Every structure is written in C-alpha cells, then in structure tokens.
Amino acid sequence: MEIIDGKKISAQIKEELREKTARLKEKGVVPGLAVVLVGDDPASQTYVRNKKKTCDELGYYSEEYILPADTTQETLDALIDRLNAEPKIHGILVQLPLPRHLNADHVIERILPQKDVDAFHPSNVGKIMIGKYDFLPCTPAGVMTLLDRSGIDVCGKKCVVLGRSNIVGKPQAMLLLHKNATVTICHSKTKDLAEITKQADVIVCAIGKAKFLTADMVSPGTVVIDVGINRDENGKLCGDVDFENVAPKTSFITPVPGGVGPMTIAMLMKNTMTAAMIAEGVSEG
Ligand code: NAP
C-alpha cells in the first residue's frame, strides 16, 4: 500500500508554477487573481487567506475583497463587472457558499468564462463535457493529477465515483472518461453500493460523510481517492473513507488531510496561469 502525498505533489506543482511565473515576468506577464468573499464563514476565510498567500508565494498579482454578509446582489454584480474589465485580473474566484440571499448561479454566470478559474460557468462546464477545455474544475483536476503523478493509468479501468455534485462528482466522472476509464457514478439513490465499489479498480469518494467507505466495501488492490472533508465524532478532520481500516487493503490511497485538499489550490493557481497566458497571448512560459 502506498499513501499518495498530496502535500508533496501540490508543492511540486506550485514550484513549477513559480518558475514559470518568473519566466513569464520577463515577457511582462504577471498572472492576476481576484478572490471575493462575502460574509464571515471561518472555513471560507481560511480558504481565501490560503489563496492569497499562495498567490504571494508564486509571484502572482492578487486582489482580495472581503464583503459584509448583507452585501446586495447589485453590489456584488458591480464588483464582478469591474473585475471582468480589469486587465491585471486574469482569474476571478467568488468563494462559495454565498449567503442565502445571493444567487450563486447568477454570480457564476456573471464572471466572464475566460476569467472563470473555478470552471463553474455553464460555458466551461459544456467545454469539459465535449473534452475541449481551457480550465478544469480544481478538485477533480487535482484528483487526476494525483493519479497521473503516482503513475496510475485509468485507461480501461473500472472507476467508481461516489457523489454527483456539479463541482466534484460529475466533472470527476467526465475527466476519468476522457482518460478512457469505464466510469460508474453512484449517489444517494444507488442500490447495492457495496457491490459496485467492490468491483472497482479505482474509487473516488466525494459524498461528504465521515468514514462512509468501509473496508468491507473495497476489494484488495483498489486505488482509493478520498475527496471528503468532514469532522469525526471527536471533531477531528477526516475524509469519506475509513482510512485506518481501508488503507491496508488498497494499492494506493490518499489521506485526509494531506491528500486531495492541497491539490485544489494548486489547480486554481494553474488555471489562473492558463487564463493569464491566453489573455496575454503567450504560448509558453
Ligand atoms: P455535495 O454537493 O453535498 O454532494 C454529495 C454527493 O454525495 C451527492 O451527489 C449525494 O447524492 C451523494 N451522497 C450523499 N450521501 C450518499 C450516500 N449515502 N451514498 C451515496 N451517495 C451519497 O458535496 P460536494 O460538494 O460534492 O463535496 C463532497 C465532499 O467533498 C464534501 O465532504 C466536501 O467537503 C468535499 N470537498 C472537498 C474538496 C477538496 O478540496 N478536497 C473540494 C470540494 C468538496 P444525491 O445527489 O443523490 O444527493
């Protein structure tokens, strides 16, 4: 069994991006990311802080907007319009979830697709569906990179994705399909889930339920990727996989924390770099 070290792989990617940023700077191009947070959700504040810090580490230009929880849709729209028109900003990220009175779908569609570094805009989602894309959604792209850099080829493999959300499950299934996996998507209405997971060569677990995937649901030698971020009964961070009991049965497994989580931010930075290169007409950094 091998534990896939997401921290190490994300550090490698960030280092590659840092070197590329230095080369791009010589051509007068500096990737720029704007991060917008509405409200004071502590987890979202941490995510936003980390994104700003990573921009600084890589040499990106960044702007941070922390708006009060009672911000109106009009105010948020006006900010997005301004950032859409700002040449120094190549990527715009509005931290989700938004307070209830704001419409997340509307906000996502307000961001120009070429600055939508989360790849949530319907235009980018459609491009992913047909396999012709500039940006990939960060978490599923992070999973694909972990598989790739661990030497795991999914071509022809039975891959089971647990969860069908628009931000993780569905795009994850599509990316695995693009790599020629045979993909099954499971959700809360799936019957005989364990029978399906037991046949998998690769399981990507993204349902948001602590330690849901147990050892009896996994066959020996399976690759298990855990996207979940939950708290266990003692308040300790844990994934969707019962790591302690599942890990010994697997060939590869990602831990939580230190698996998929660190990859999401690295992929966001990669998307911002891509957006900058396209906007500035630069082909190689
Ligand atoms: P979500 O929108 O709540 O979707 C959960 C999915 O799991 C739904 O499709 C749901 O099915 C399915 N599900 C729930 N209970 C199930 C069960 N008992 N059996 C089978 N399927 C079940 O969650 P999400 O946004 O995709 O996130 C999933 C997890 O990943 C969360 O823990 C989240 O915190 C984490 N996450 C991590 C990162 C990262 O960077 N590592 C990024 C994003 C999300 P239905 O569609 O039928 O309801």
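This is a predicted model: local features need pLDDT of at least 70, side-chain atom pairs count only at pLDDT 80 or more; totals for chains, interfaces and linings use all residues.
## A pocket to start from

The second largest pocket has a lining of 26 residues, and those nearest its centre are Leu136, Ala141, Thr145, Met267 and Lys270. Which elements give two or more residues to this lining? They are α1, α6, α7 (169-178) and α10 (261-280).

Rolling a probe the size of a water molecule over the atoms shows where empty space is left. For the second largest pocket, the volume comes to about 720 Å³. Its lining divides into 14 nonpolar, four polar and eight charged residues.

## Helix α1 and its two partners

Two packed helices are described by the angle between their axes and the distance between the axes. On the α1 side, the contact uses Gly6, Ile9, Gln12, Ile13 and Glu16, which meet Thr145, Leu146 and Arg149 of α6. Sorted by class, the residues of this contact are three nonpolar, three polar and two charged. You have already met Thr145 among the residues nearest the centre of the second largest pocket.

How does α1 sit against helix α2 (residues 42-58), and at what angle do they cross? Their axes come within 9 Å and cross at roughly 50°, which makes α1 oblique to α2. Here Lys14, Leu17, Arg18 and Thr21 of α1 meet Thr54, Glu57 and Leu58 of α2. The contact of α1 with α2 has two nonpolar, two polar and three charged residues.

Strands of a sheet pair through backbone hydrogen bonds, either parallel or antiparallel.

Look next at strand β2 (residues 32-38), which pairs with β4 in the parallel sense over four bridges. Leu33 is opposite Gly91 in β4.

## A sheet of six strands

There is also an open sheet of six strands, with the order β1-β11-β8-β7-β5-β6 and parallel pairing. Its edge strands are β1 (2-3) and β6 (182-186), each pairing on one side only. Strand β8 (residues 223-226) runs parallel to strand β11 (residues 252-253), and two bridges join them. Phe252 in β11 is the bridge partner of Val223.

Which strands does α7 lie across? They are β5 (158-162), β6 and β7 (202-205), and α7 runs at about 170° to β5.

Most residues other than glycine have a negative phi, and most peptide bonds are trans. With that in mind, find the peptide bond from Leu96 to Pro97: it is cis, with omega near 0°. Pro97 belongs to the loop between β4 and α4 (104-110). The bond from Val256 to Pro257 is cis too, with omega near 0°, and Pro257 is in the loop between β11 and α10.

Finally, Ala119 is not a glycine, yet its phi is positive, at about 60°. You can find Ala119 in the loop between α4 and α5 (122-130).

Note on methods
Residues are numbered from 1 along each chain as its sequence is written. Side-chain values use heavy atoms; hydrogens and water are left out. Contact means heavy atoms within 4.5 Å. Ala, Val, Leu, Ile, Met, Phe, Trp, Tyr, Cys and Pro count as nonpolar, Asp, Glu, Lys and Arg as charged, and the others, Gly among them, as polar. On a 1 Å grid over the protein atoms alone, a cavity is a set of points where a 1.4 Å probe fits but cannot get out, and a pocket is an open set with protein on both sides within 12 Å along at least five of seven lines; lining residues have an atom within 4 Å of a point. Grid points are joined across faces, edges and corners, and a volume is the space filled by probe spheres set on the points. Two strands pair if DSSP finds at least two bridges between them. Axes are lines fitted to C-alpha atoms, for helices over the stretch in contact, and angles run from 0 to 180 degrees between N-to-C directions. Angles under 35 degrees count as roughly parallel, over 145 as roughly antiparallel, 65 to 115 as roughly perpendicular and the rest as oblique.
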